[in-house]
Each structure stands twice: as C-alpha cells, then as structure tokens.
Amino acid sequence: MLSHLRAMPFMRSGRVSASPSHTAIGLVMLAALAVPARSETPIRYVGSARVWILSSGEFSYVLGVNERGELQSIYWGQHIWRDQDWTAAKSHPQWDGVDPSTNTTPEEYPGWGGLRFFEPCLKATLGGGVRDVVLKYASHEIHGDELVVTMKDIGGGLTVDLRYRVYPEGIISKHSVIRNSSSAVATIESAQSGAWLLPAADGYHLSYLSGRWGEETLYTREEIHRGSKVIESRRGSTSNQFNPWFAIDGPEPASEENGAVWFGALGWSGSWKIVVEQTPHRDLRITGGYNDFDFYYPLRPGESLTTPPFYAGFTSHGFGEASRLLHRFELARILPRSSAAHPRPVLYNSWEATGFAVDEPGQSALAEKAAQIGVERFVMDDGWFGARDSSRAGLGDWTPNPKKFPNGLKPLIDNVKRLGMDFGLWVEPEMVNPDSALYRAHPDWVLNFPGRPRSEARNQLVLNLSRDDVKEYVFAALDRLVSENAIAFLKWDLNRNFSEPGWPEAPTAEQRTIWVRHVNNYYEVIDRLRAKHPKLEIESCASGGGRVDLGVLTRTEEVWPSDNTDAFDRLSIQYGYSHAYTPKTMMAWVTDVPSMDGRSESLQYRFLVAMMGSLGIGSNLTKWSPDEFRIASKMIAAYKNIRSTVQEGALYRLLAPGKGPLTASQYVAPDGNQAVLFAFLHAQQYGRLAPAIRLRGLDEHALYRVQAIEGRLREESGAISGAYLMNRGLTPMLRGEFDAAAFLIERVNQ
Ligand code: DGJ
C-alpha cells in the first residue's frame, strides 16, 4: 500500500513526536493550499492541527490531539473531500463539577483514570496499586494504509499503540497493543480494541444479531436511549446467543437501500463485549474488545497484550449496502487466501442421516448416493473415533473406532475419492469426555478448580488449551490425522461453553489469562495445521453458530450457522447472518422432513433455501425415492450454474422474513451478467395475490432473459429490460403455504 502515498505538504510519513512545533508552518500551508480533488492517500496527517484523516470508500474518519494531549474522535461519516476543513481537536466543555470536561470529551481510547465515568477502553492496576490510567499522545507513524498513534500513561507505566488500518473496500480497523513500560507488574483488567463515536443526537437505532441454540443470528433493530446496551459473550467462545456485529442508523432512520448506516464487527472468537452507550450528553460510544468479565491479565515489565481487530465502515445507502461492503471486504481480506478464489464445493454431511452410528459400509453407501446427485465433498460427522457411540464417550481419542473402521479410514476415503469427491472429517479438538483414554491419562488437562465439581455439558469437559502440553497434543492429533489420511476438510466443532475456568498449575495471578490464551492457542493450532497442510480447508462449528466471527473467518473457509435445519426457520437465521457475513461462508444443508419443527416443506423449498449460501446435503440418501434423486440432481446442477453469483456476488435482501407473506433475496454476479431471484411464500390468504418483486442492482438499459430454476412467473418469457425488472418487477406464481420459486436472470448480448 506504500504506492498509495502521494507526497502532500501536510502529510507526515514516519515517526512524529508530540511536539507541536510545526504548527505555524502548517497553518500557512493550509491557508495556501486548496486541493479540490479527493486524495487517493488513505491516511493524511495535518500536522498544524494534529489531525489525522483516514478515508476509504464512502467515508472519512477523523481524529486529533486536543489541547490537553488527549486523542479525540472528531468525525466518522460521509466522505469530506477537503482536508483543510479540519481544525484541531478541542475538548468539550464541562457540565458542572459532576461532568467535567474529561467526561464530556469524546476520547478515542480513554483509560479508566482521572474524571472519566463512561466505558473505558483500558483499565489497569499499575505498580504500587495505582488504579488510574490517563493516556496522552506521544507520537505517531504512518506507513501507507496503517497509522499507529502511541499514547503514554501520564505516570509512564503503560504505553499503548493504537493501530488503525484503512482497507480500500471501505472498511477500517482499529486495535491496541498495550505495553507495560514500567519496572513493576501491571495488571490489565479491561482491554478494549477501541471505541467508535458518533455525535450527540436523539433517534439513533441499534441493529444487532442475537438468539440461542437453534435460532442464531436473528436480526433486531431498536431505538437507543441513554444508558448502555451490552451485547457480549462470557462463555469462552463467540456464542450462539450474541454475535459481535452492530449497525447504527439515525437520527433519520435508514432503510434497506437508503440512509446512513455505521457498522462494525469484532474479529475475536473468545469472550467479547460491545457496549453501545449513549452518554447523558447524548453522544454515542460503541466500545468493543475482550470481555472484561473475569478478565485479569498481568504484564511483566516489557510484556504486551494485543487486542482483537475491531472493523467498521459507513455507507449512506442503507443496511443492504452495509452488508455488501462487509461481504466484499470478507471475500477480499478476511477469508483464507489459499481458498478464497475457489467456489465452495457442494458438500454432503452424515450427521442428520446417521448420527453417531457411522461405519465403513454405511458411509460408503451414503457416499455412492451422494456422488450420483453431484456432491463434491463427502464429510463424515461425529461418531468415527474412540468409543464414540453416543455423546457420553470417546472425545479426545482421535483414532478410528476399530469396530466401525477395522481397517482405519483409508478404505472409506479411497472409496469417496474413487467416486470423484474429496473427504472431510468432523473433529472437536478442544474437548474431552471423562469416559475417554485421554481423560483417564490426563485428568489435569481440563479447566477446573481443585476440590470443586467439574460441570459437564453434553457429557464433556473443556481441555485447557492454554497449557502448552495440551496445545501440542491437539496439534499432534490433528496433524497425524491429516498426514495419514487424504483429508481435504475438517469440520471443527465446539459443543459446550467454559465453566470452572481454573488453571491450577499456573501462578494464581496468571490463571485468568485463559480467556485470551485459549483462543490464541486455538488460532495457533489452526495456523500451524494450515501451514503444514496448505490444501486443508476448515469449517467452524460450535453447536451450530456458536463460533462465527471475523477472527475465525481469517482461518476457516466456512461456518455452520445453526443446528436448526428447518428451511422456514433458516430464512430468518440466514437473513440475520447475511447482515454481517458473506453467503459464501454460510454452509446450508438440505435435510429430511418432518424437520425439528415438525414441518414438512417440499424438497424444492428446502433446496432453494440452502442454495442461498454454500449448498450442502444432510439427508439420509439411502431412504430417498427416485423422484427425490431426480429433484436433487436437477437442483445441484442448477446451483453449480449460479454458485459463483451466490457466493461472490452482491446480495440484495428484497423482502425480509416475517414482514409479510413473501421473503425474497436476489444475488447479482460481480460482472452484472447474471442474477438470481429466490422467493418464498409463507402462507397465502384467500384472494390476495403475492405482489410483484422489484429487483435491484441491474442495468436499467440492459436486456435480461429470465428463466425458471424452480416455479413459474405470471410474466411472459422473453427479453425484459433492467428498468422493467427493477421498477415493475417479477411476479412468481406462489400458492398455498411454504411454496418457493427461483429464477435465473441473464443479461442478453445486444
Ligand atoms: C453439533 C454440530 O452443530 C452438529 O452439526 C454435529 O456436528 C454435532 N455437533 C455432532 O456431535
């Protein structure tokens, strides 16, 4: 990104110290310069005003040093082309003695110290028991698309590098590196990645994703009032309950395609917290990072703690464009490079078909059937290892069960490969059943407090991955599996949350570092595994969607969003999911009916729902009728024709689930030549025709041919203009209840 740098008189590259000595020169330059065009340089520094301007996509993000040396947020919003418009940051006035200026000034990264009463970014106990952190600007460096602002505690005890990165996709990220610069131990009690700030106003709204097992990532939008709304996980992993994504709109409400939306997401797969706080003065602060609950991270002199990246962006084109920005960013910057260019293969997974009852003949029979309908990857789920006949035993013993696989996994894998598919395997490496050889050999390897109960969930305990020996065991077990077998893909599961989070062998002061260490070691194991086996792909699963975030997605190609595979329920789960994450990462299976809700949607309906993400099949194929095979083959062939549009294209959420009789989504290929419309009828009311669905993202002057993938249209076939499709719309013939249709829209060469 250094090539982005264009020398501007008021920009500084390299380290600059706290001295404002160049102020006068800078002011003269500012007056003399009038730069009407938008600069391509992603980060500019106006030295005279001590202001940094970060710009990307549609927005500018501006921060500066105020007269007290505090780092102050100045602006986050629609791009402002004229850098000279920005003047030095100035602290806000006090509001009587109870709200002094330090508490009304929008600081970028406030420590808990002095007269500050809002959510801090950093809370620590320093040498001598000092519980006061006041950060002042020390210096900064700009290297192309990266800005590092170094802050120092006024007592010199802590030095904090605030690291900003500007991505050309319209996203910036921030995180901090907190260093103990004293000669005594300093203990960090809250370490946030940073805060995003918006000016005082009424009428802001918060959107977020929440749920529970079986109904993850449900979308909620609610008005923000004074006080704090906390979304978080205290569970050790990202959680099925809340996902670390937010969006803010207001004061004028945004819609799907219009209005200002500020949004962000954390890249962390452990306990996290996002606090959306409207201060008594109506400023909005969105602070996020490690969850400070039970957080206690000692730093010896010279040691440092790095917080996770907190990504954010802005658009004036509504929630739809906010997600499309995130999707483009994830495809370009987040997903593992090695596999980002490939489409996700059509996958089969055995879990719903066979449960724990997997064996070589049974899985081979499923593989034969899967290959016939066009599946490209066959994944054997839980039950293949140790004494694993139920959830009660075997976790931790990662060798094939000798009764089920008397000759190891090789015969099955060879068969799968002979059928033209690659092979994937389920693992849950961070867990152990007490009834396992691993636990009998190493009862001290789990999180525990001596003399206290070890609470089991799903009959399992959490391995203490913070320990080096446990980490090495997990790496070695997975490395052996992947080295000895032709495994292309691991489904990495995690089926319970942390409890009794003790690490008795570690010094008391360090035991609570498990909240950070576990996750970093989990990341390290994946990174080492992928480095050694560069073709290996991974799915992140945690009892469904319990580990979905921008941290894990830098290391895994896809995630399992929910154990709920009922197609109608999935519409809501996928709708919420799509606000934060690209459909390419969203594994979606077609499974048998009646579903876990007792509902029986048609096979076509189930396919069309799953085709809106990365398609998988989870049915018991040995029980399917010839007709079901025929439908599945046709649908999988159709999916292969549209999958690059679904996985890499622009998503338009045309009609949200639960808002009316229809749900509809449209995907447009990056080159604009192909689009796909999916439409679902919940239930018809007598005499009420389903309305026409107006498409988006097409060229109004181009002609398109519309063909049915499934279902029929009221419109005549033939070439139709983009203008017609986007303004008059298409009317799928949907009837009864749980009906579905999909249409391929292809640009006609004129
Ligand atoms: C939970 C996952 O979400 C399921 O898909 C399945 O893999 C089971 N675990 C296996 O135990």
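These points cover the nonpolar cores, the aromatic pairs and the charges over rings in a predicted model.

1. Start with the largest nonpolar core. It holds 184 residues. Those that touch the most other members are Trp 52, Ile 188, Ile 248, Trp 384, Phe 607, Met 611 and Phe 678.

2. Take Ile 248 from that list. Setting aside neighbours within four places in sequence, Ile 248 is in contact with residues that include Leu 198, Leu 206, Ile 224, Val 261, Val 276, Leu 284 and Ile 286. Tyr 204, His 205, Ala 260 and Trp 262 are also among the contacts of Ile 248.

3. There is a second, separate core. This core has 26 residues, among them Leu 654, Leu 713, Ile 720 and Leu 734. In soluble globular proteins, nonpolar side chains tend to be buried together.

4. Now the rings. The whole structure contains 38 aromatic pairs. In one of them, the ring centres of Tyr 75 and Trp 86 are 5.2 Å apart. Their planes meet at 40°, so this pair counts as tilted.

5. Where do Tyr 75 and Trp 86 lie? Tyr 75 is in strand E5, residues 71-78. Trp 86 is in the loop between E5 and helix H2 (101-104), so the pair ties together parts eleven residues apart in sequence. Tyr 75 is partly exposed, at 22% relative accessible area. Trp 86 is buried, at 12%.

6. Ring pairs also build a cluster. Its members are Trp 268, Tyr 290, Phe 295, Tyr 297, Trp 492, Tyr 522 and Tyr 523.

7. Two arginines deserve a look. Arg 528 lies over the face of Phe 475, 4.1 Å from the ring centre. Arg 570 lies over the face of Trp 560, at 4.6 Å from the ring centre.

Methods
Residues numbered from 1 in each chain as written. Predicted model: local features only at pLDDT ≥ 70, side-chain atom pairs only at ≥ 80, totals over all residues. Heavy atoms only, no water. Core = buried A, V, L, I, M, F, W, Y, C linked by side-chain atoms within 4.5 Å. Buried < 20%, exposed > 50% of the residue type's maximum accessible area, 1.4 Å probe, protein only. Contact = heavy atoms within 4.5 Å. Phe/Tyr/Trp six-rings, centres within 6.5 Å; stacked < 30°, edge-to-face > 60°. Helix = DSSP H or I, 4+ residues; strand = E, 2+ residues; numbered from the N terminus. Lys NZ or Arg CZ within 6 Å of the ring centre and 35° of its normal.
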